[in-house]
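Load the model in your viewer and keep the selection tool at hand.

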Amino acid sequence: MIALPRRQFLLQAGAAAACPLLASARSIAGQRSERQSEDYAALGEDVRREFQWAWRNYRKLAWGKDEINPASGTARSFFADGHDMGLSLVEGLDTLWLMGLDAEFEEGVEWVKTRLDVDIDADVQVFETNIRMVGGLVSAHLACGDPVLLAKARDLADRLLKAFDASPFGLPHRFVNLKTGAVSDPETNLAEIGSYSSEFGTLGRLVGDPRYYDAAKRAMRHAIGKRSPIGLMAANIHAVTGAFISRNASIDIYADSFYEYLWDAWDLFGDAEMKRWSLECTAAQLAHQARRSAACLWFPMVDYETGAVTSSQQSELAAYFAGLLGQTGHLADGRDYLRTFELLQTAYGIVPEMIDVRTGGASTKATGLRPEVVDSCLALWQIDRDGRYRRTAAIHYRAMKATSRTTYGYTALADMQARPARQGDNCPGYWWAEQMKYYYLLFADCPRIDLRRLALSTEGKVMRGFVSNPVRSTGHRSARGRQV
Ligand code: DMJ
């Protein structure tokens with residue numbers, strides 16, 4: 001870690017930001033005029049077709065497994081080896097629903113109802129289990145109204161709550177054994193202690209039990225109470241001592257969804273205290289973490305007490321922050337931050353997983369088939385409907401299709417810098433929940449979603465905004481005409 005004061009950082013960044021990114025700035029104008037005549041309805045249909053094709057291959061080769069390895073047609077466990085929970089299936093359900101892929105949705109729901117067993121004697125990551133599995137079950141329930149899905153979500157959330165109980169501050173350990181409730185690894189971070197309010201709050205509202213939201217908020221309150229005089233928190237924290245265990249404030253890895261969930265708690269539940277915390281955190285981040293260079297805006301990690309830069313790396317995951325800036329009333333900054341990732345996309349084709357903010361250079365070759373750039377495109381599109389976000393998402397989609405499409409689906413890349421890019425052999429669960437949904441909602445006319453009311457979790461799960469469509473209605477008659 002390096003600690004550069006702001007002035008020195010700006011000088012270095014300004015000099016080096018001539019980088020690949022300034023040339024990208026010039027070519028972006030050209031791309032815009034080229035794409036004026038895009039047929040977005042056709043592009044949306046293409047996304048739907050690709051999703052259905054990949055789903056059918058998952059159905060054939062990896063049904064009920066956590067993830068498909070789409071080059072080899074094999075599968076892998078995500079949570080614990082040999083203890084699959086049908087992760088990709090659960091992640092994909094609400095996407096199937098909103099795309100109107102009803103036969104596939106019904107079959108997936110049937111699998112969950114008859115085959116999903118979470119009484120697993122293994123340690124699972126609490127954060128991932130919540131955002132992926134609890135979120136997936138809750139959103140699928142919201143889509144179709146099936147009470148069994150809600151009961152399954154509740155059972156799983158009850159098991160995860162054990163991880164919160166083990167800390168005097170209500171900060172969840174990172175792992176919990178789903179069968180025994182034994183917890184492990186108290187060295188955690190803001191994202192892993194503070195990304196529960198959307199799923200737990202929605203679940204709690206549906207079952208009429210405030211314990212879930214209360215547990216989620218209590219953990220967040222603890223961290224918020226430890227902000228430094230400049231309003232920042234360190235990203236790493238100990239669940240038992242309650243103390244920070246690093247000095248790095250981050251909007252990026254270790255912290256990202258904590259900040260999303262402050263705002264989402266206001267948006268979903270009208271929690272004014274969470275809104276205040278969200279606005280205060282964003283103001284502090286803009287004041288003490290934002291670094292501008294010629295063409296770019298960055299948010300590198302900084303010391304949470306001094307604001308000095310502690311890392312020159314920004315990850316692709318941070319791109320979500322453009323959307324959050326827009327949601328919290330900083331639309332111009334959000335658009336500027338998205339532009340940084342648009343420049344990276346233009347320069348590299350695929351946004352690198354890790355970027356050196358001093359040079360705009362890619363620090364890594366492998367990529368995780370990531371959704372965050374399009375996540376922000378959709379969030380900003382919901383705010384001002386500027387066509388720029390669709391254009392950026394269309395480029396993102398075509399680049400993904402050109403590089404990641406393989407024999408049985410879409411894969412992460414082993415080397416995005418090689419020409420042609422070298423493919424890996426894994427489709428992460430979030431691919432089913434996130435980017436394919438974001439593309440579709442940006443491009444297609446989707447009668448099952450009210451975009452003005454749409455609220456998504458950090459994993460892209462619909463927490464609010466379904467409008468059931470009588471024309472495509474499935475066997476779940478109770479869902480007809482409901483707004484959730
Ligand atoms: C997803 O699992 C979630 O969006 C999470 O919050 C962080 N990013 C990954 C996908 O990149």
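Select R211 and Y212: the charged end of R211 sits over the ring of Y212, 5.2 Å from its centre. This is a predicted model. Next take K226 and F244, where K226 lies over the face of the F244 ring, at 5.4 Å from the ring centre.

Now turn to ring against ring. The whole structure holds 28 aromatic pairs. One of them joins W55 and W63, edge-to-face, with 5.8 Å centre to centre and 85° between the planes. W55 counts as buried because its relative accessibility is 1%, under the 20% limit. W63, at 22%, is partly exposed.

Then show the largest pocket, with about 520 Å³ of space. Its lining has 27 residues, and F127, E128, A191, D256 and L317 lie nearest the centre. Colour helix 6 (126–144), strand 6 (187–189), helix 8 (190–193), helix 11 (256–269) and helix 15 (372–384), the elements that give two or more residues to this lining. Helix 6 gives the most, with 4 residues. By class the lining of the largest pocket has 12 charged, 9 nonpolar and 6 polar residues.

Last, go to the second largest pocket, of about 420 Å³. Centre the view on Q327, A379, Q382, L454 and L456, which lie nearest the middle of a 25-residue lining. Helix 11, helix 13 (320–327), helix 15 and strand 19 (455–456) each supply at least two of the lining residues. Here the classes are 12 nonpolar, 8 charged and 5 polar.

Definitions and conventions:
Residues numbered from 1 in each chain as written. Predicted model: local features only at pLDDT ≥ 70, side-chain atom pairs only at ≥ 80, totals over all residues. Heavy atoms only, no water. 1 Å grid on protein atoms, 1.4 Å probe; cavity = no way out; pocket = protein on both sides within 12 Å on 5 of 7 lines; lining within 4 Å. Points joined across faces, edges and corners; volume = space filled by probe spheres on them. Nonpolar A, V, L, I, M, F, W, Y, C, P; charged D, E, K, R; others polar. Phe/Tyr/Trp six-rings, centres within 6.5 Å; stacked < 30°, edge-to-face > 60°. Buried < 20%, exposed > 50% of the residue type's maximum accessible area, 1.4 Å probe, protein only. Lys NZ or Arg CZ within 6 Å of the ring centre and 35° of its normal.
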